[in-house]
Amino acid sequence: MLIRFFFLLREGGVPVSITEFLTLLEALQARLANGSAEDFYYLARSCLVKDERHFDRFDRVFAAHFQGVEALFDSLMAQIPEEWLQRMGERTLSAEEKARIEALGGWDKLLETLRQRLEEQKERHQGGNKWIGTGGTSPFGAYGYNPEGIRIGQNESRQRRAVKVWDRREFQNLADNVELGTRNIKMALRKLRKFAREGAAEHLDLDDTIASTARNAGLLDLKFVPERHNAIKILLFLDVGGSMDDHVRVCEELFSAARSEFKHLEYFYFHNFVYESLWKDNRRRHLEKIPTLEVMRTYGHDYKLIVVGDASMSPYEITQPGGSIEHWNEEAGAVWMQRLTRTWPHHVWLNPESQQRWEYTQSVQITRQLVEDRMFPLTLSGLDRAIKALH
Amino acid sequence: MSSRFAGTDRYVATEDLMMAVNASVTLGRPLLVKGEPGTGKTQLAEEVARSLNRPLYRWHIKSTTKAQQGLYEYDAVSRLRDSQLGESKVHDIGNYIVKGRMWEAFESEVQPVLLVDEIDKADIEFPNDLLLEIDRMEFYVYETRQWVKARHRPIIIITSNNEKELPDAFLRRCFFHYIRFPDAATMEQIVAVHYPDLKKELLHEALAAFFQLRETPGLKKKPSTSELLDWIKLLLAEDIPAEALRSDDPKQAIPPLYGALLKNEQDVHLLEQLLFLHRRQGR
């Protein structure tokens, strides 16, 4: 009974366990839902879904299953507008392969060829290395890899260095209420806790009590100490937008975990590299900029600096004045980075990009030197090593 | 004694909420309630206890609360002190076992309601430490070597503000309900339950102003149901006419007595700025 529904829920991304499913059956046996579909819906939701973020997924699977729609996932897929450009399976190219692929001709030639191919091609196409489609190595299409490729119908930048992005680019605030999977990260961050005793004395200090009582000729002399608090101070700089789109999820998780673990946490956003200003709210980033110098003055040397970014960009953005892609910067990013590392001697750079690809991106190499080789991948083990480096 | 919860004269329960409460009462499993602050999560436990006529045990969780404190605590310090003073009761360790809220609920003569309020405030291991107690409704007291078993499985209502993620193993054992922010119709019911003699016109204007205020972008703390009720209470006490609430009146740009709705200085400031801009554009 309902077993198909159970598996459809799991396929639809609702994390349902057997215990919860059995609870639902038990509730049905207790006649809690008296035949009305609505009652059953409420009961099933209360039993099976434990997070309001999954309500929508549950609703869709529920509707599909109980209206007898067989092809559930076709209907889910139909909501994606560019039907023939669906991401159906990205070709997994090794780093070596990527490094080997060379750009094809200049910009004009690319556009010209695109126009031709669009005329020649009438059907959906996937893979291969010539036609426009998904996951291939042709310079046209989306979710593929060609360093000078033109992106068609893709919402996030899949690889660095696209010559031109035709999608509207929207920066996303890193929501701190996303809690999915943050537990592991929290456990890792705990290692960074440095306990200090502050505040009212409310814990019995047994050792001191015994010593004092003995000194007091056996008459009890109670000693108390304040409770331990997490006294570590964290400064978090997050890269947003552009090439970081792919990593928004993992950054959100990190941010959310850090937010709940540390009492003294300050965060700022930047784009690609740190220059003379940062901002706190991405939606109003052009209006409310905070000078980096002011941040350096405000937060003392005892703060530990964690920079999160993929460091993938044109090398000029780091080494040259005016290299920023968004504004004219008087001083090169490298100069600013040196100032930061001097202000906060305890610093690390967390890179969400997988470590095997680092050596193929020149800007990553430069950044690694700038942060004195304290760059770590944004994985649990990388986080562990980063935290050791921060001590 | 009725065993179905259907809202009370003071509390409007939506259908899905009633289902969740009744399922958890019938199957004896805890109910986890989440929702925006001020949507009546804590209130729910009180009303369930009242409508089912059960005693209510409240356990409020703070960031320093340990799971053990809900079961019992061994007051070693007073025992040590008593031994210094030569008291005779020092020989029975049972004299120094202080019962926690959960133990009290387990001992209740009739099936009680146990409210575990704001569980997300505690340490992230807190819910894991209560798994066995919630599953089997029993625990072991090491000092006196006795098992404490619940006489009646309590109706456990747990509230969370989502500040921390709860462990999966804990979630699997609960029923879950998310109190959505009520729509305008439910809101009218709620206000009617609390202020039945409120002038209809005033209510309409107040609700319109309230929902408009919630729409204001960038508010740090959006006003919620409990703030609305406070505000209406104030409006009634001040006897403010309905006309004064219309926001298109340029002199009364900010709703009167807004302090009950906006709890944050920056929010008030933001609203003033927005209204100022709005009026300038209107000209």
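# Briefing: chains A and B of a predicted model

The place of Trp279(A) is in strand E7 (residues 277–279) of chain A; helices (H or I, at least four residues) and strands (E, at least two) are DSSP runs, numbered from the N terminus. The model is predicted: local features need pLDDT of at least 70, side-chain atom pairs count only at pLDDT 80 or more, and totals for chains, interfaces and linings use all residues. Residues are numbered from 1 along each chain as its sequence is written, while chains are lettered from A and ligands numbered from 1 in the order in which they are written.

**Trp279 of chain A**

- Trp279(A) counts as partly exposed because it has 18 C-beta neighbours inside 10 Å. A residue is buried if 20 or more other C-beta atoms lie within 10 Å of its own, exposed if 12 or fewer, and partly exposed in between, with C-beta atoms placed from the backbone.
- Trp279(A) and Lys289(A) are 10 residues apart in sequence, and their C-alpha atoms are 4.9 Å apart in space.

**Where the chains touch**

- 27 residues of chain A are in contact with 26 residues of chain B; contact means that the C-beta atoms of two residues, placed from the backbone, lie within 7 Å.
- On the chain A side, helix H2 (18–29), helix H3 (37–48) and helix H8 (182–190) are the elements that give two or more residues.
- That side of chain A divides into 11 nonpolar, seven polar and nine charged residues. Here Ala, Val, Leu, Ile, Met, Phe, Trp, Tyr, Cys and Pro count as nonpolar, Asp, Glu, Lys and Arg as charged, and the others, Gly among them, as polar.

**The sheet of chain B**

- Chain B has 12 helices and nine strands, and buried residues make up 31% of its 283 residues.
- Five strands of chain B form an open sheet in the order E2-E5-E8-E1-E9, with parallel pairing; two strands pair if DSSP finds at least two bridges between them.
- Strand E2 (56–60) and strand E9 (175–179) of chain B stand at the edges with a single partner strand each, so one side of each has no neighbour in the sheet.
- Four bridges join strand E5 (residues 113–117) of chain B to strand E8 (residues 155–160) of chain B, and Leu114(B) has Ile156(B) in E8(B) as its bridge partner.
- Five bridges join E1(B) to E9(B), where Leu32(B) stands opposite Phe176(B).
- Both faces of E9(B) are covered: Phe175(B), His177(B) and Ile179(B) are buried on one side, and Phe176(B) and Tyr178(B) on the other.

**Helix H1 of chain B**

- The 13 residues of H1(B) should span 18 Å at 1.5 Å a residue, and its end C-alpha atoms are 18 Å apart, which agrees. The expected span is 1.5 Å times one less than the number of residues.
- Among the buried residues of H1(B) are Leu17(B), Met19(B) and Val25(B).
- The cover over the buried residues of H1(B) includes H2 and H3 of chain A, as well as E1, helix H2 (41–52), E8 and E9 of chain B.
- H1(B) is followed by Gly28(B), whose phi is positive, near 65°.

**Helix H11 of chain B**

- In helix H11 (residues 225–238) of chain B, 14 residues should span 20 Å, and the end C-alpha atoms are 20 Å apart, which agrees.
- Thr225(B), Leu228(B), Trp231(B), Ile232(B) and Leu235(B) are the buried residues of H11(B).
- Seen down the axis of H11(B), its buried residues fall within an arc of 120°, so they line one face of the helix; the arc is that of the directions from the helix axis to the C-beta atoms.
- Ala237(B) and Glu238(B), on the other side of H11(B), are exposed.
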